[in-house]
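Dear colleague,

I am passing on the structure below, followed by my notes on what was found in it. Please read the notes with the structure open beside them.

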Amino acid sequence: MDLISFDPRDLALSRSRRLGLAAARSYRDEYGHLAARAWLAGRRHLAAKNELDTARADALAALVPD
């Protein structure tokens, strides 16, 4: 999933995920980046330990490929 094709009304995603991705897209659209360093570092830490849900990891990778 990427932010371009992301539909916050897609009920296949949990409400919290839809709200979180919508907030991330809004922030990125307004500021031109998504540099929430502490939160993102935490997600990367979980992903490195294989403790992050695959769908979430894919959604985050679409937002911040590096």
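How much space lies in the largest pocket? About 300 Å³ lies there, where a pocket, on a 1 Å grid over the protein atoms alone, is an open set of points where a 1.4 Å probe fits, with protein on both sides within 12 Å along at least five of seven lines, and a volume is the space filled by probe spheres set on the points, which are joined across faces, edges and corners. Of the 15 residues that line this pocket, those closest to its centre are G20, L21, W39, R56 and L60, a lining residue being one with an atom within 4 Å of a point. Two or more lining residues come from each of α1 (15–31), α2 (37–48) and α3 (54–63), and α1 gives the most, with five. By type, the lining divides into ten nonpolar, two polar and three charged residues; here Ala, Val, Leu, Ile, Met, Phe, Trp, Tyr, Cys and Pro count as nonpolar, Asp, Glu, Lys and Arg as charged, and the others, Gly among them, as polar.

Before going further, please note that this is a predicted model, in which local features need pLDDT of at least 70 and side-chain atom pairs count only at pLDDT 80 or more, while totals for chains, interfaces and linings use all residues. Residues are numbered from 1 along each chain as its sequence is written, and side-chain values use heavy atoms, with hydrogens and water left out.

The chain has three helices and zero strands, these being DSSP runs (H or I, at least four residues, for helices; E, at least two, for strands) numbered from the N terminus. Of its 66 residues, 21% count as buried, that is, under 20% relative accessible area with a 1.4 Å probe and protein chains only.

The largest nonpolar core has nine residues, namely L21, A24, L34, L40, L52, A59, L60, L63 and V64; such a core is a set of buried Ala, Val, Leu, Ile, Met, Phe, Trp, Tyr and Cys residues joined through side-chain atoms within 4.5 Å. α3 gives the most to this core, with three residues. Leaving aside neighbours within four places in sequence, A24 is in contact (heavy atoms within 4.5 Å) with L34 and L63.

In α3, the residues A59, L60 and L63 are buried. They lie on the same side of α3 because they cover an arc of only 95 degrees around the axis, taken from the directions from the helix axis to the C-beta atoms. What covers the buried residues of α3 includes α1 and α2.

With best wishes

Conventions:
Buried < 20%, exposed > 50% of the residue type's maximum accessible area, 1.4 Å probe, protein only.
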